[in-house]
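Student: Could you take me through this structure with some questions, giving the cut-offs behind each term as we go?

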Amino acid sequence: MSPTVIVASIIAFVAGGAIFGAVMFFVGIAHRKKQAESAIGSAEREAERIVEDAKKEADNQKKIALVEAKDEIHKSRSDLEKEIKERRNEISRQERRIQQKEENLDRKTDSIEKKDDLLQKKIKQADEKLEEAEKIKKSQMEILERISQFTMDQAKDHLLSMLENELTHEKALKIQSFEQQLKDECEEKARNLISLAISKCSADQVSESAVSVVPLPNDEMKGRIIGREGRNIRTLETLTGVDLIIDDTPEAITLSCFDQARREVARIALEKLIADGRIHPSRIEEMVEKAKREVEHIIKQEGDRAVLETNVHGLNHELVRLLGRLHYRTSYRQNVLNHSIEVAHLAGIMASELGVDANLARRAGLLHDIGKALSYEIEGSHVQIGVDVCRKYKESPDVIHAVEAHHGDVEIRTVVAALVQAADAISAARPGARSENYENYIKRLEKLEEICTSYDGVEKSYAIQAGREVRIMVYPDKINDEKMVIVARDIAKRIEDEMDYPGQIKVNIIRESRAVEYAK
């Protein structure tokens, strides 16, 4: 076979294969297209079926919902009709009850009207009978007046006069007899009670002193306490109002002041300064403040001690604090707190013997001089101050009356008040309990300070040197240097006019301005 024929045969074979492949490709495309069209038609039919089923299901659900809604509406309507029916029945019952009450009220009104008419008739009959009785009485009295030759008023006065004379005589005899009997019995019983109370309440009497002595470790400490140009001692005296006496007494400094609380503050502060060793004005101020707090603590402790010793409970805490302040208060050199405790014991013992409330008597005895705790600060007698304080803290009327009557300012109305007055006199009358000269001295110093503090612009005033000098601290913004001279002269003139005193009194006015700043 020639090569040309072979090539032609190969070309023909290749061409035939290509044609056959093309024919088969188009046949496959047509087949796949037919399958796709068939699948699309099937999907459309399925979709239509699903839509139809969904519509049917929706119609069914709608019908079910409508049925349920109708049932619910029907049920609600039935319930509402039932409730309306019940309310109507209830209203009907209430209307029937109201109607019955109105009928009963009408019947009662008719009955009351009938009874009122009957009562009016009876009242009228009673008035007629009373008038008839008055006429009979009047006619009988006229007959009696003609027989006795006395009018009714004259006969009444005559009978009363005779009866009064007889009763007056008998009453006078009985009263005289009872008074004598009571006087004898009361005097004997009172002597026994007082003797018993005194024997059961024996207490030592200690006269309070006006000075305190502070020991020093050595005499060099005196110079440190005085300070440069006396600034330390001047600061201490100004802050405490106490006079420091530094003399030749070895290793001791004397503190002089009539106010024991001030003297105690100065003593504690000075002891702290000596122990600390640092003595300068700012340190002195700090120690004085600490000493004041310590004294306040002691005051509270003393108040608690007085309450425990007398077995008096339920006192207001402010009253207890005021009782503690009496620890630093004297009356004729007698410690007022100890005196009050003693009066409480005496009154309680006598009350127990008489069968009176002993707790009330002790309470009144403990509080009878409470006004003396404030007599330095409030004008008026300690009796009136004590009454006001007891009323402020809601004490009982019996306690207030006992406080008010313990010096005879008002008439005694209760047994407890009488017992407190007697116990106060017993405690004050003990030998050595009081010293009148010391009390007069205290009153003179108090009067001196009162005159000084009464001037406008005065901050504090302290009587020192046993009343021979008064130191007055003034507000620098109210009194200037020129006015200080005038105020000092006015105070000195008033002291000369209103007071009696030995020797002379130095009026010393102190005006101090301070500027304080801190470097940070």
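Tutor: Two strands are said to pair if DSSP finds at least two bridges between them, and helices (H or I, at least four residues) and strands (E, at least two) are DSSP runs, numbered from the N terminus. This is a predicted model, in which local features need pLDDT of at least 70 and side-chain atom pairs count only at pLDDT 80 or more, while totals for chains, interfaces and linings use all residues. Residues are numbered from 1 along each chain as its sequence is written, and side-chain values use heavy atoms, with hydrogens and water left out.

Student: In β3, which residue is the bridge partner of Leu244?

Tutor: Strand β2 (residues 243-245) pairs with β3 in the antiparallel sense, over 3 bridges. In the hairpin that they form there are 6 residues between the strands, and Glu251 takes a positive phi near 50°. Within β3, the bridge partner of Leu244 is Leu255.

Student: How many of the residues of strand β3 are buried?

Tutor: Buried means under 20% relative accessible area, exposed over 50%, and partly exposed in between (1.4 Å probe, protein chains only). In a regular strand the side chains alternate between the two faces of the sheet. Both faces of β3 are covered, with Ala252, Thr254 and Ser256 buried on one side and Ile253 and Leu255 buried on the other. The count for β3 (residues 252-256) is therefore 5 of its 5 residues.

Student: Which are the edge strands of the open sheet of 3 strands?

Tutor: The order in this sheet is β6-β7-β8, with mixed pairing. Strand β7 (residues 469-474) runs parallel to β8, joined to it by 6 bridges, and Val474 stands opposite Arg511 in β8. The strands that pair on one side only, and so form the edges, are β6 (458-464) and β8 (506-511).

Student: At what angle to β8 does helix α14 run?

Tutor: Axes are lines fitted to C-alpha atoms, for helices over the stretch in contact (heavy atoms within 4.5 Å), and angles run from 0 to 180 degrees between N-to-C directions. Helix α14 (residues 481-498) lies across β7 and β8, and its angle to β8 is about 150°.

Student: Is Val343 buried or exposed?

Tutor: Val343 lies in helix α8 (residues 336-354). Leaving aside neighbours within four places in sequence, Val343 is in contact with Gly365, His368, Val420, Ala423, Asp424 and Ser427. Because its relative accessibility is 0%, Val343 counts as buried.

Student: Which helix gives the most to the lining of the largest pocket?

Tutor: On a 1 Å grid over the protein atoms alone, a cavity is a set of points where a 1.4 Å probe fits but cannot get out, whereas a pocket is an open set with protein on both sides within 12 Å along at least five of seven lines, and lining residues have an atom within 4 Å of a point. Of the 39 residues that line the largest pocket, the closest to its centre are Asp259, Ser375, Tyr376, Glu377 and Glu446. The elements that each supply at least two lining residues include α4 (231-240), α5 (260-276) and β6. The most, 7 residues, comes from α13.

Student: Which helix supplies the largest share of the lining of the second largest pocket?

Tutor: Of the 21 residues that line this second largest pocket, the closest to its centre are Thr238, Leu239, Met473, Glu512 and Arg514. Strands β6, β7 and β8 are among the elements that each supply at least two residues of its lining. The largest share, 6 residues, comes from α6.
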